[in-house]
Amino acid sequence: MIERLEGIVEGLIDGGIAVRMGSIYLALQVPRAGGVMVGSQITLYTQLIWNQETGPHLFGFLTPLERTVFNLVTDCSGIGPKLAMALLEQLGPEVIITALYEGDEKVLSSVSGIGTKKAEHMIVHLKVKAHKLIKTGQISNTGSVSYLHEVDGALQSLNYSRGEIQRAMEHIKQASRAEDSSQPTFDVLLRRALAYLTYKQ
């Protein structure tokens with residue numbers, strides 16, 4: 001099993017990136033690949049999935065948590081790698097876990113390919129596992145994390161690029177983790193995201 005790899009991003013491909021490792025070039029599917037900079041050094045936590053019809057597919061994740069959530073979601077019947085990547089692409093790992101734990105089918109079903117019934121099915125089968133993951137401490141400030149999906153949508157409506165949104169979301173997530181006791185509201189999170197984007201321009 002390939003646990004992790006490091007290399008140079010050579011380019012973007014459909015649904016992922018091409019990474020050069022010495023004389024070896026690998027194609028990996030990566031959530032929010034549009035936010036990855038071509039030419040940059042990258043470290044990816046990997047997962048190899050074998051499909052009986054199409055063979056091996058290598059998936060890459062920027063954090064161990066993304067890979068953990070990918071594996072958790074694909075353990076649910078009816079949810080394959082394609083849907084799991086769509087969930088990570090549109091929601092991110094923290095929002096997925098919080099939505100599963102809180103039973104929020106509205107957030108889950110906002111992802112293309114996941115209707116209300118499939119979202120309810122995921123909640124029934126993964127709620128306990130989501131709770132266990134929260135208890136490990138990998139996800140903090142879960143009370144505010146449910147607002148992240150709304151902030152993401154608000155930034156999309158303001159026509160920010162996928163890469164800009166990804167960087168802004170990571171910024172406000174890190175800020176939220178640093179606040180041990182407080183749980184920022186949607187308004188606070190949106191203001192932080194907009195302030196970050198304005199400063200970076």
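This tour of a predicted model stops at one glycine and then at the salt bridges.

**Stop one: a glycine in a strand**

Select Gly-60, which sits in strand β5, residues 55–61. Is Gly-60 buried or exposed? With a relative accessibility of 0%, Gly-60 counts as buried. Now show its surroundings: leaving aside residues up to four places away in sequence, Gly-60 touches Leu-28, Gln-29, Val-30, Pro-31, Leu-44 and Tyr-45. Then pick Thr-43, 17 residues from Gly-60 in sequence, and you will find 8.9 Å between their C-alpha atoms.

**Stop two: the salt bridges**

- Select Arg-67 and Glu-3, whose side chains meet in a salt bridge at 2.7 Å, N to O. Arg-67 belongs to helix α1 (residues 64–74) and Glu-3 to the segment before β1, so this pair links distant parts of the chain, 64 residues apart. Arg-67 is buried at 11% relative accessible area, while Glu-3 is partly exposed at 43%.
- Go on to Arg-20 and Glu-10, joined by a salt bridge of 2.8 Å, N to O. Arg-20 is in strand β2 and Glu-10 in strand β1, so the pair ties together parts ten residues apart in sequence. Arg-20 is partly exposed at 28%, and Glu-10 is partly exposed at 35%.
- Finish with Asp-152 and Arg-32, whose closest N and O atoms are 3.5 Å apart in a salt bridge. Because Asp-152 lies in helix α7 and Arg-32 in the loop between β3 and β4, the pair ties together parts 120 residues apart in sequence. Asp-152 is buried at 2%, and Arg-32 is buried at 6%.

Methods. Residues numbered from 1 in each chain as written. Predicted model: local features only at pLDDT ≥ 70, side-chain atom pairs only at ≥ 80, totals over all residues. Heavy atoms only, no water. Helix = DSSP H or I, 4+ residues; strand = E, 2+ residues; numbered from the N terminus. Buried < 20%, exposed > 50% of the residue type's maximum accessible area, 1.4 Å probe, protein only. Contact = heavy atoms within 4.5 Å. Salt bridge = Lys/Arg side-chain N within 4 Å of Asp/Glu carboxyl O.
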